[in-house]
Structures are given as structure tokens and as C-alpha cells.
There are 2 protein chains.
Amino acid sequence: MELLSKIATNDGHGENSAFFDGWKAYDSDPYHPTKNPNGVIQMGLAENQAVARFMEKVRGNRVRFDPARIVMSGGATGAQETLAFCLADPGDALLVPAPYYPGNDRDLTWRTGIQLLPVICHSSNDFKITRQALETAYKKAQDSNIKVKGLLLNNPSNPLGTVLNRDTLTESLKFTNDKKIHLICDEIYSATVFARPDFISIAEILQENNECDRDLIHIVYSLSKDLGFPGFRVGIIYSYNDSVVNCARKMSSFGLVSTQTQHLIASMLSDDVFVDRFLSESAKRLGQRHKILSRGLSQVGIGSLKSNAGLYCWMDLRRLLKGPTFESEIELWRVIINDVKINVSPGASFHCSEPGWFRVCFANMDDETVMVALNRIHKFVIQTKGSSSDGINRKQYGRSKLEISLSFRRLDEIMMAPHKMSPHSPMSSPLVRART
Amino acid sequence: MELLSKIATNDGHGENSAFFDGWKAYDSDPYHPTKNPNGVIQMGLAENQAVARFMEKVRGNRVRFDPARIVMSGGATGAQETLAFCLADPGDALLVPAPYYPGNDRDLTWRTGIQLLPVICHSSNDFKITRQALETAYKKAQDSNIKVKGLLLNNPSNPLGTVLNRDTLTESLKFTNDKKIHLICDEIYSATVFARPDFISIAEILQENNECDRDLIHIVYSLSKDLGFPGFRVGIIYSYNDSVVNCARKMSSFGLVSTQTQHLIASMLSDDVFVDRFLSESAKRLGQRHKILSRGLSQVGIGSLKSNAGLYCWMDLRRLLKGPTFESEIELWRVIINDVKINVSPGASFHCSEPGWFRVCFANMDDETVMVALNRIHKFVIQTKGSSSDGINRKQYGRSKLEISLSFRRLDEIMMAPHKMSPHSPMSSPLVRART
């Protein structure tokens with residue numbers, strides 16, 4: 001099996017033409033203050049160094065990242081698509097443990113023509129990724145004659161809010177290495193971990209495993225979640241594979257980061273005091289908010305998956321379903337969005353295999369709004385419990401005046417306060433806003 | 001024939017899932033200062049209005065642009081690819097009059113899988129696009145069973161530096177309308193016209209032609225050339241087709257403009273006095289520089305195509321070729337880049353059908369450097385004329401110490417002086433820099 005895609009290995013990037021030889025001749029003329037003062041000044045590097053340093057910091061300085069392996073691209077959205085274009089041909093597949101972020105379906109498959117195949121995880125073991133589940137998904141693909149090119153892990157997980165432990169990461173790495181397929185780790189929530197256990201990056205596992213093929217390992221990162229910069233469109237590909245770095249860098253032209261924003265980011269991330277304070281304050285506030293929400297829910301008997309990361313929690317409303325079906329789930333969800341007027345996301349949209357789970361975002365609103373939201377949930381649950389045998393009595397819930405969204409931030413807030421921790425931008429497409 | 005691509009008409013964007021219904025419910029809650037003070041503030045609009053107004057100004061205020069039809073994307077690079085994804089399926093083709101900008105091959109075809117077919121133009125009529133040439137290219141595609149989905153015009157032309165006249169535009173529009181194929185007009189150099197005749201946008205022709213199908217017309221624009229902002233990655237798709245606007249807006253998530261940069265652009269473009277002064281000053285300076293270069297060339301008997309736009313001119317070195325072949329052209333080019341040490345681009349890379357033409361960029365350097373470059377060219381031409389019968393005697397030309405590039409600007413200059421007129425950014429890929 002070819003390791004990379006046809007697009008990654010063909011000449012379509014055009015840089016092998018004579019036109020670009022001129023530019024390359026020019027590339028061989030790097031700036032030096034005395035020896036070559038007229039040479040090219042590589043400003044991208046400063047930014048990549050700042051980003052590498054920041055990524056190391058978020059990982060407790062237990063790993064090192066090489067700035068030369070960093071490719072910047074238009075948000076994690078662009079980074080994911082770029083990797084898909086590099087690694088797989090149309091029709092090929094990536095395995096993705098479910099539940100997973102719905103945007104993946106668009107980001108990775110829409111224009112690339114590849115497909116995502118779910119690795120089914122269950123609530124019975126807290127949605128852990130097991131070797132068994134991976135093998136089952138892989139075999140199912142093989143039985144359908146679908147070429148599996150990789151496994152996409154999301155760590156910390158959106159929507160679960162959990163981190164992958166050492167065993168899961170090691171086992172996943174062993175699995176992909178055995179099958180000679182790629183391992184893509186989406187670590188865009190790495191700095192949202194607000195409680196133990198600590199976040200473990202695949203980079204850390206890799207340091208401990210010298211036998212595995214590093215050409216198969218790629219990390220997707222972004223500043224949208226960890227720093228609350230979704231509008232800045234800073235996505236990052238960190239690949240251990242030289243060809244992928246090369247190809248992704250060429251593709252980055254389709255979604256480069258604005259130089260103005262590059263400049264701002266380089267200055268900001270180089271400020272160690274600011275970064276340290278931001279990271280600890282952000283974790284503290286996320287932890288507080290998470291506590292308020294999960295306690296508020298449990299007061300009316302609503303459980304949620306034990307979590308320690310992310311800007312959301314994974315709420316268990318199975319008890320409120322008419323029946324254990326996705327029809328019941330969507331029916332319950334319609335009541336929640338139309339009558340309770342809270343924008344939570346149904347598990348089905350995350351490809352969850354069990355109906356009744358909902359993702360609730362808690363980070364991007366003020367304290368008063370959280371209380372309004374919790375009060376509405378309380379009222380709703382109490383009314384539902386007391387309603388007729390069909391479980392839900394819509395007529396009991398009049399529309400309240402104040403419509404709130406559990407995932408909302410104004411664009412001007414993002415622009416004016418880039419260091420705030422809430423991460424949503426009402427950009428052109430709902431999907432952009434929805435990337436949480 | 002389907003008007004749009006499979007990607008444009010399938011559900012791969014994912015926004016038809018329940019997950020996004022929640023976001024859409026929320027979209028229906030627009031901000032109003034008194035009636036709905038908590039509603040969504042649509043800041044994108046201010047920017048689109050500023051851009052629309054700027055585009056009108058560049059076109060002498062003879063046309064109107066609807067801000068709702070503007071889709072921002074990551075540079076013209078991203079805009080071109082997005083349009084290709086929207087309009088054509090893998091294997092389909094767009095006709096492109098040659099010579100044309102080499103980056104098109106990458107931007108439009110690399111990841112989309114479509115192909116570009118040249119419309120052969122000749123020096124005998126100053127590379128005009130004729131109905132005959134269009135029909136010939138179209139027929140050739142049909143004979144090869146290739147589905148032609150559109151015609152891509154570049155106006156003003158890169159590399160020719162000429163504008164399309166009213167007849168050519170009208171005839172091209174008639175051609176595409178007759179064939180029921182798309183007409184994409186790349187107008188990214190529209191504000192670089194420094195002498196008569198004036199620039200005529202396809203938008204103007206469209207106002208005069210009520211019978212043609214507007215769903216087939218799309219404009220690509222950018223601030224990289226007209227304002228010298230390549231690093232800001234502001235590309236623009238203006239489509240008269242609602243479905244394309246819709247689809248392109250969804251795809252824009254892969255290469256959105258940084259909110260910080262959006263904010264800056266909206267402020268800058270809203271400043272009428274600045275914009276007016278910039279446009280007139282830029283045209284004046286480009287005209288002066290063009291005069292210096294073309295006169296300098298003609299002093300040593302080098303001709304160039306009569307031009308009135310762009311940041312380059314189309315230099316005729318056919319007399320210096322060993323023979324009328326592309327081998328001779330590349331041989332001559334190697335001497336120019338390695339010995340004369342000037343980075344010009346050979347016509348073959350622009351798919352020119354006649355060997356011996358070279359593109360020379362003149363805008364992005366200071367006056368002294370232009371003189372150094374002209375002196376080198378003078379010396380080279382005189383030496384070549386006096387050399388042996390094979391036309392070129394490499395040994396005569398030692399390497400000079402100062403290597404200059406005719407298309408070079410430092411990143412920090414772009415960032416610090418965004419209103420300067422020279423437009424090059426040494427970003428990650430040579431192609432990005434090379435987009436002139």
C-alpha cells in the first residue's frame with residue numbers, strides 16, 4: 001500500500017517547473033547580518049519557534065517539538081483537510097473512535113472524497129478505545145474492500161471531555177504501527193485540561209517507543225481552543241514524516257495565516273509570563289465552571305461522563321428518552337432547543353452508538369447565563385418527570401423570552417480580547433462557529 | 001450537463017445534520033439595538049461592504065456589487081480552488097487563454113483533479129483572444145471526450161500586462177453563454193492599470209447584456225496585488241450564482257481571513273480619502289516604473305508587448321534564441337538566471353505557444369535596483385550580440401557579486417507598510433511568493 005496519496009506524490013503542486021527554479025535559486029540565498037545582508041529573512045521561523053515552544057509548555061515540557069516540522073494552515077479545519085489530502089486517496093478511509101466531532105465529516109471528507117469509519121465505543125467502559133474495537137472496525141472495512149489509511153484520535157476528546165490514558169495511546173500506536181497505517185492525533189484541546197489525570201501527547205508516547213515508524217505519526221493542533229483564537233485561523237500540522245511536511249507546506253498556500261496575525265501570535269506566544277498565567281488561569285476557570293455545571297445537573301439527577309478537559313461535558317439523558325432509539329433522542333432534542341431554548345447537541349450527530357447522550361458547552365458564557373441555563377434544565381427535568389407516560393409533554397413548556405445559546409460568543413469580543421478563554425466566532429458558516 | 005460539481009451539490013458540507021440545526025435556529029436571531037440587543041452581530045457584513053465599495057471604485061463606479069454575493073477566502077489561491085471545487089468534477093476542464101499564470105495549474109487543478117486546457121493565442125495579433133481560438137480549444141476538448149465546464153479569463157492579464165477590450169469580453173461572454181459553460185474572470189490586477197485604455201470588468205459587460213445567464217458568471221478578486229497585501233490572504237469570490245455563493249461560503253471555512261485582518265481591512269477600505277490617494281499614487285508610480293523599464297529595454301533593441309497594467313512586462317527575446325525552440329528558451333533563461341543573475345520567468349512556464357518570451361516584474365524593487373538590472377541586461381545583450389554564432393557565450397559572463405531578484409520583497413516590509421504597492425511575501429512556499 002502506498003503510504004501517501006496520489007496528490008501528495010504527483011507533480012500537481014507545479015513547483016518542478018522552470019518558473020519556480022528561479023524562486024528556488026533565490027531560496028538558496030538566506031539572510032545573514034554581515035555575510036549576506038541582502039539575503040532572505042525567514043520570518044516564518046520565529047513564529048514556528050514560538051508555536052513549538054507553546055506546544056511543549058502545554059505538554060509540561062516533557063517533549064520537544066522541531067519548529068521545522070510545523071506547518072501553519074487555515075485553522076484546524078484546513079489542517080485536517082490538508083492531512084487528508086496528503087495521506088489518502090478518494091475512497092480510502094480513516095478510522096475514528098465514535099462519538100466524534102461532527103465537523104470531521106466535512107473537514108476530512110467533503111472535498112477530499114475519503115471516508116471516515118467509526119470505531120464503536122460504549123458507555124459501559126466510559127467510551128474507551130479498545131484494541132478489540134479498533135480491530136473490529138478495521139476488519140469491517142477490509143470485508144467491504146475499503147482501504148484504511150489511518151486512525152484519527154482526538155485527545156482530549158470532543159465531545160467526551162476526557163483525555164486518553166497512556167495504555168490507550170500505546171495500544172493505538174501499536175495498532176497503527178502493526179497495520180502500517182497513519183496515526184493522526186488531533187490535540188486541539190490539549191490546554192483545556194483542568195484536572196487530573198494530566199494530558200499525555202502522542203509525542204510523549206513516541207519518545208518512549210523507539211521501534212515504531214515515525215513516518216506514520218502526525219499531530220493536528222490549533223490556537224482556537226487552547227487560546228480562544230478561533231477567528232485568527234491558526235491551524236497547525238506537526239508531522240514526523242518529511243514528505244508530509246513538504247507536501248503540507250505546499251498545500252498551506254490554500255489557507256495561510258495572515259502575516260499580521262502571525263506577527264501578533266509570535267509576540268504573544270514569546271511572552272512566557274503571559275502564557276504561563278493564561279494557561280493556569282484558563283484551567284482554573286474551566287474547572288470551576290465544569291464543577292458548577294456538573295453539580296447543577298446532578299442535583300436534578302442528570303449524570304454526565306466523568307471528564308477533566310474540554311469546553312463541554314457529555315450529558316446522559318437516557319432516562320428522559322421515550323425509548324432507547326435515535327428517534328426519541330431527536331424528539332427530546334427538539335423539545336430542548338425549541339421549548340427549553342438551550343442549544344445542546346444530540347449524540348447522534350457525534351456518531352454515538354447509544355441514544356440519549358448530549359454535548360453541553362459550558363465555557364463560552366458568563367456566570368449568570370449558566371445559572372439561567374441550569375434553572376431551565378431543572379424546571380424541564382422536574383416537569384418532564386411529572387408529565388404523562390409518553391415521557392415528554394411539550395405543552396407544559398411555554399417559550400421563555402430570553403433565548404440563550406450554550407455556545408455563543410460575539411465576534412467583537414474575540415477580536416478585542418483574544419486572550420479570553422471562550423472560543424467562538426460567528427463567522428460565515430455555522431460549522432465554523434460550531435467547531436467546539 | 002450539470003452546472004455545478006458533485007461536491008457542490010452533495011451533502012458533504014454536513015450542515016444538514018441536526019447538530020447544525022441548533023446553530024441555524026440561532027442564526028435566525030439577528031442583532032437589533034433596541035428590539036433584540038442580545039442578538040448576533042454580523043460583523044462580516046461591514047467588511048464585505050467595504051470590499052464591494054472598493055471593487056466598485058476600482059471599476060470607476062460604473063458597476064454595483066452586492067456585498068451579499070461576496071465570499072472571502074484565503075487569498076486568490078484559495079478563491080480559485082474553491083471555485084474549481086464548486087464548478088467542476090475531477091476530469092472536467094476549464095479553458096484558459098495562454099500565456100497564463102503558472103500558479104493556475106496548481107491552484108485550480110492539484111487537489112481538485114480538474115484540468116486546464118490552453119486557448120492558444122499568438123504574438124501576431126498581440127495575443128488577443130479570438131472566438132476562433134476559443135472554438136478550436138473547445139472542439140479539441142470535445143474530440144478528446146473532455147467535458148469543458150468553463151472559461152477562465154485573466155483581466156488584466158498576467159503575464160501580458162494588457163487589459164481585455166470590450167469586444168473580447170463581449171465575445172467571450174457570448175461564447176460561454178452559447179456553450180452553457182461558466183465564465184470565471186480573474187480580476188486581481190484590476191487596480192494596476194496605469195494608462196489607457198481603462199480597465200473594463202466583466203461586471204460592466206454583464207450590465208449591458210441582459211440575455212446572458214448570470215448563473216454562469218463568477219469573479220475572482222484579491223487585495224494582494226491591487227493593495228499590496230499578499231500576506232493578509234484576502235481572496236474574494238464574487239458570484240452571480242446563488243448556489244455558488246452558498247457553497248463557496250461553506251468552503252470558506254478551509255481558508256478564512258483572520259478576524260484581526262478583517263477588522264483592519266474594513267477600517268482601511270472605508271477610508272475613502274486613503275483609498276483614492278492610494279489608487280492614483282499607485283497607478284502613477286507603476287506607470288513611471290513601466291516607462292523606465294520599457295525604454296531601458298528598447299535602448300538595447302529589446303522589445304516588449306505594449307502593455308498598460310500589471311506589475312510586469314512581457315519581454316521579447318526571440319532574437320536572442322539559438323533557434324525557435326523551447327530548448328533554446330530554457331537555455332537562454334539559464335544564462336539569464338545564473339550569469340546575468342536576474343530572476344525573470346520563461347514563457348514556457350506560462351504555457352506560451354511561441355518560444356522567446358519572458359516575464360519581467362518591475363514593481364517590487366527600488367529605483368536603484370531597477371537600474372542595476374537594466375545595466376546587467378544591457379551588458380548581456382551587447383555581449384551576446386558580439387559572441388559566437390551559437391548566439392550565447394556563457395564564458396563571457398562572470399557571476400557578479402550582487403544577486404538580485406526582480407520579484408522580491410521582505411515580509412517585514414509588507415507587514416509594516418501594507419499600503420506600499422509592491423506585492424510579494426516570502427511565505428512558506430515559493431508559489432506563494434511567485435503569485436505575480
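In strand β7 of chain B, B:Ile237 is the bridge partner of B:Val71. Strands here, like helices, are DSSP runs numbered from the N terminus, with at least two residues (E) for a strand and at least four (H or I) for a helix. The model is a predicted one, in which local features need pLDDT of at least 70 and side-chain atom pairs count only at pLDDT 80 or more, while totals for chains, interfaces and linings use all residues; side-chain values use heavy atoms, leaving out hydrogens and water. Residues are numbered from 1 along each chain as its sequence is written, with chains lettered from A and ligands numbered from 1 in the order in which they are written.

Back to that bridge: β1(B) and β7(B) (residues 234-239) run antiparallel and are joined by 5 bridges. Two strands count as paired if DSSP finds at least two bridges between them. Both belong to an open sheet of 7 strands in chain B, with mixed pairing and the order β1-β7-β6-β5-β4-β2-β3. At its edges sit β1 (70-74) and β3 (115-120) of chain B, each pairing on one side only. On average, neighbouring strands of this sheet are turned by 25° against each other, direction ignored. Axes are lines fitted to C-alpha atoms, for helices over the stretch in contact, and angles run from 0 to 180 degrees between N-to-C directions.

Helix α6 (residues 131-143) lies across β2 (93-98), β3 and β4 (148-154) of chain B, at about 140° to β3(B). Helix α7 (residues 166-179) of chain B takes in β2, β4, β5 (182-186) and β6 (217-222), running at about 170° to β4(B).

In chain B, the peptide bond between B:Asn158 and B:Pro159 is cis, with omega about 25°, and B:Pro159 lies in the loop between β4 and α7. Chain A has a cis bond from A:Ala98 to A:Pro99, with omega near 5°; A:Pro99 lies in the loop between β2 (93-98) and α5 (103-109).

Positive phi values turn up at A:Asn145, near 60°, and at A:Lys341, about 60°, neither being a glycine. A:Asn145 lies in the loop between α6 (131-143) and β4 (148-154) of chain A, and counts as exposed at 73% relative accessibility. A:Lys341, in the loop between α12 (326-340) and β10 (345-346) of chain A, counts as buried at 10%. Buried means under 20% relative accessible area, exposed over 50%, and partly exposed in between (1.4 Å probe, protein chains only).

Conventions
Contact = heavy atoms within 4.5 Å.
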